[in-house]
Amino acid sequence: MKVGLVCPYPWDVPGGVMAHVRDLAEALIAAGHEVSVLAPVDDDEEPLPPYVVPAGRTVPVRYNGSVARLVFGPISARRARRWLRDGQFDVLHLHSPETLSLSLITLLQASGPIVATFHSANPRSRVLAAASPALQPALEKIQGRIAVSAAARRTIVEHLHGDAVLIPNGVHVKTFVGAEPMPGWPGTGGALGFLGRIDEPRKGLSVLLDAFSRLAQGRPGLRLLVAGPGDGDEVRAALPANLRDRVVLLGLISEEDKPRFYASVDLYVAPNIGGESFGIVLLEAMAAGTPVVASDLDAFRRVLDDGRAGKLFPIGDPDALAATLAGLLDDPTRREALADRGAARVAAYDWSAVARSVLGVYQTVRMAHPAHPTHRAHPVREEPAEPADPTIAPRSGAGPRAVAGS
Amino acid sequence: MLNVVAVVSAVVLLATYLTWLAGRLDRLHARTDGARASLDAQLVRRAASAMAVAEYAVAAGLLSVATARALSSAARVASTAGVAERESAENDLSRSLHTAVPLLGQRDADLRGLLADLAAACSHVVLARRFYNDAVRDTRSVRRRHLVRWLRLSGHAPTPGYFEIDDTPTTALTALDPAQPT
């Protein structure tokens, strides 16, 4: 199948949506499909993977205290149009088309089988609520909507008055299997791991530090390995002086180092107290074969199969966490059983499985277009001088759907 | 003179808007029809998969005669039902699948293959039905507008109806492929 993916955020700036598009593209290519990704690119020098087509630079836009890098304007519109025309895609798959971005620009010019994935999970987005009537005519062209989390699906239901199928993010299970632990880890006295922003309260590191302080007094060999950006001094200050050298702060680690991080600990702890839409870190730990202990958030409970594939503890409760950890640290057999069930569970979340689900959406949407299996670009008014292209016949407003509708 | 210009531009603007609105409605009806065709195709595929499973189960003696007969007759009725009886026929098939599938087990590769087909067909029904109902919702919301109703912009196209059935796949099937969309 020929698939055109549109990434709204710059390809050379790491981010959640960009990583999702990259991983989906690679999983689809691995499954034998032909994929082209249209994405903004800020740095012309940066080498791009062969499947990426650059759509121009982004413009920084300040919104809600942070800077969003978005792309719009006639140059991007023209490149999107040319990409649609040259690609002749069987399915066009846009990401986050509800934002003012390359995805929306492409949507405005496209017709045919169109799928969109909604990433944003913001049930009270005032911008989305205000923009929704203006976006409606464009969003109506989308025939299959995907949400990456239950929260993202709720956002669609509340603001865009539609529904979506839920297909969560995937992990590359293979890259996490069999990694070499860091030298000296996990050691014999027990090692716990945490990954996430250390100064973001919702990630719950303070809950884990509390539980660790309690456990460590009676377990002289127990250590805690912390990976993630943030101010390490605050973390050290929150610990009793005699425990400080048993908490190792790695700072921000690269994607390449993540598998080694998970392999270096006996238990991975996700003490989040809220705000997590999907437990991707849990899945990574499970893929690495590290047993998981996580707070009892909805998303975590789902990923951990109601506690069968990882242990759950009451949200924000350091006592309960300490008791759970102590039980598992003392029982290697239970840890191993938990790791085995985790590894079995995570197979369903591998990108290959996710790509299969997404292909099911493509097939369903394509079936609604029996007469026109191939995606076409609209003739665009602002480009009358465009040389005639035999592959796109000018068509009436109804576009490729006219036949199916008559 | 100014008045004339104002009136003429207002008429031109209104006409442009109405043309655009009529085109938008036309596209929505086409999308709904396409989604319906896709839904029908997936339902037919589900009925065919269910029939194949029922035939296998009868030949292998995996189901009681009554259960097997209920499943194959539900599948047959569903695949031939007219528009009016479609929803209830598909619901009967869903119910028969909920009863029969957990009794089958997975004794050999042939059965597992048939069940995998059935699982895929069931999850495609979920997708197609959600996309169809989405198209219906979008179409109806534009059809409800005053201008569309007063000027009969939807022409002779009938108001599309939602398709409501219970299509939750049985756990015995989702266990075969837990990554299927929900």
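The model is predicted, so local features are given only where pLDDT is at least 70 and side-chain atom pairs count only at pLDDT 80 or more, while totals for chains, interfaces and linings use all residues. Residues are numbered from 1 along each chain as its sequence is written, and chains are lettered from A, with ligands numbered from 1, in the order in which they are written.

Scores to begin with. The model has ipTM 0.88 and pTM 0.78. Chain B averages a pLDDT of 87, with 94% of its residues at 70 or above; pLDDT is the predictor's confidence in each residue, from 0 to 100.

Now chain A. Its secondary structure comes to 15 helices and 17 strands, taken as DSSP runs numbered from the N terminus: H or I over at least four residues for helices, E over at least two for strands. Of the 406 residues in chain A, 48% are buried. Buried means 20 or more other C-beta atoms within 10 Å of the residue's own, exposed means 12 or fewer, and partly exposed lies in between, with C-beta atoms placed from the backbone. Taking contacts between residues at least 6 apart in sequence, 68% join residues at least 24 apart; a contact is two C-beta atoms, placed from the backbone, within 7 Å.

Chain A is divided into domain 1, residues 2–170 plus 352–405, and domain 2, residues 174–346; the bounds come from an automatic or database domain assignment. Between them, 7 residues of domain 1 are in contact with 4 residues of domain 2.

Next, the sheet. It is open, has 6 strands in the order β13-β12-β11-β14-β15-β16 of chain A, and its pairing is parallel. Strands count as paired if DSSP finds at least two bridges between them. The edges are β13 (247–251) and β16 (311–313), each pairing on one side only. Neighbouring strands are turned by 20 degrees against each other on average, direction ignored. Helix α10 (280–287) of chain A packs on this sheet and touches β11, β14 and β15, making about 165 degrees with the direction of β15(A). Axes here are lines fitted to C-alpha atoms, for helices over the stretch in contact, and angles run from 0 to 180 degrees between N-to-C directions.

Going along the sheet, β12 (223–227) is joined to β13(A) by 4 bridges, and A227(A) has G251(A) as its bridge partner. β11(A) and β14(A) pair over 2 bridges, with G193(A) opposite Y268(A). β14(A) and β15(A) pair over 3 bridges, and there A270(A) is partnered by A294(A).

Which way do the side chains of β14(A) point? L267(A) and V269(A) point one way, Y268(A) and A270(A) the other, and all are buried.

Last, the backbone. Most residues other than glycine have a negative phi, and most peptide bonds are trans. The bond between W185(A) and P186(A) is cis, with omega about -5 degrees, and P186(A) sits in the loop between α6 and β11 of chain A. S96(A), not a glycine, has a positive phi of about 50 degrees. It lies in the loop between β6 and α3 of chain A, and counts as buried because it has 22 C-beta neighbours inside 10 Å. D306(A) also has a positive phi, near 60 degrees. This residue is in the loop between α11 and β16 of chain A, and counts as exposed because it has 9 C-beta neighbours inside 10 Å.
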